[in-house]
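Colleague: Hi! Could you walk me through the salt bridges in this one?
Modeller: Happy to, let's look together.

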Amino acid sequence: MRYFLDAEFNGFGGQLISLALVPEDPEAVPFYEALPCAEPKPWVANHVLPVLQTRPISRPEMITKLAAYLRGDSEPVVVA
């Protein structure tokens, strides 16, 4: 299946803040998680962090959840 990638970063070239994979199949559940952002850029603090739709989790937890999400798809294609 194809998954469409969306990500938010702490400014241009900054650390990853959130990651979403939206499956092409409208019946499938999307993946969406966020990471902590200790020192957000002012624009990020004002426009990105307030609209995150999940509580931040650790990077290892995000990796585990992403792996579990994709585990059932033998040939995932990520479109960025």
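Colleague: What do the side chains of Lys65 and Glu33 do?
Modeller: In this predicted model, they meet in a salt bridge, with N to O at 3.4 Å. Lys65 sits in helix H2 (residues 59-70) and Glu33 in strand E3, so the pair ties together parts that are 32 residues apart in sequence.

Colleague: And is Glu33 buried or exposed?
Modeller: Glu33 is buried, its relative accessible area being 10%. Lys65 is partly exposed, at 34%.

Colleague: Which residue does Lys65 form a salt bridge with at 4.0 Å?
Modeller: That would be Glu61, going by the closest N and O atoms. Lys65 and Glu61 are four residues apart in helix H2, so about one helical turn separates them. Glu61 is partly exposed, with 31% relative accessibility.

Colleague: Which residues are linked in a network, then?
Modeller: Glu33, Glu61 and Lys65 are, through salt bridges.

Colleague: Nice. Changing topic: how many salt bridges does the count come to?
Modeller: Three. One of them joins Glu24 and Arg2, whose closest N and O atoms are 2.9 Å apart.

Colleague: Where do Glu24 and Arg2 lie?
Modeller: Arg2 is in strand E1 (residues 2-9), while Glu24 is in the loop between strand E2 (16-23) and strand E3 (31-34), so this pair ties together parts 22 residues apart in sequence.

Colleague: What about the relative accessibility of Glu24?
Modeller: Glu24 comes out at 42%, so it counts as partly exposed. Arg2 also counts as partly exposed, at 36%.

Terms used
Residues are numbered from 1 along each chain as its sequence is written. This is a predicted model: local features need pLDDT of at least 70, side-chain atom pairs count only at pLDDT 80 or more; totals for chains, interfaces and linings use all residues. Side-chain values use heavy atoms; hydrogens and water are left out. Helices (H or I, at least four residues) and strands (E, at least two) are DSSP runs, numbered from the N terminus. Buried means under 20% relative accessible area, exposed over 50%, partly exposed in between (1.4 Å probe, protein chains only).
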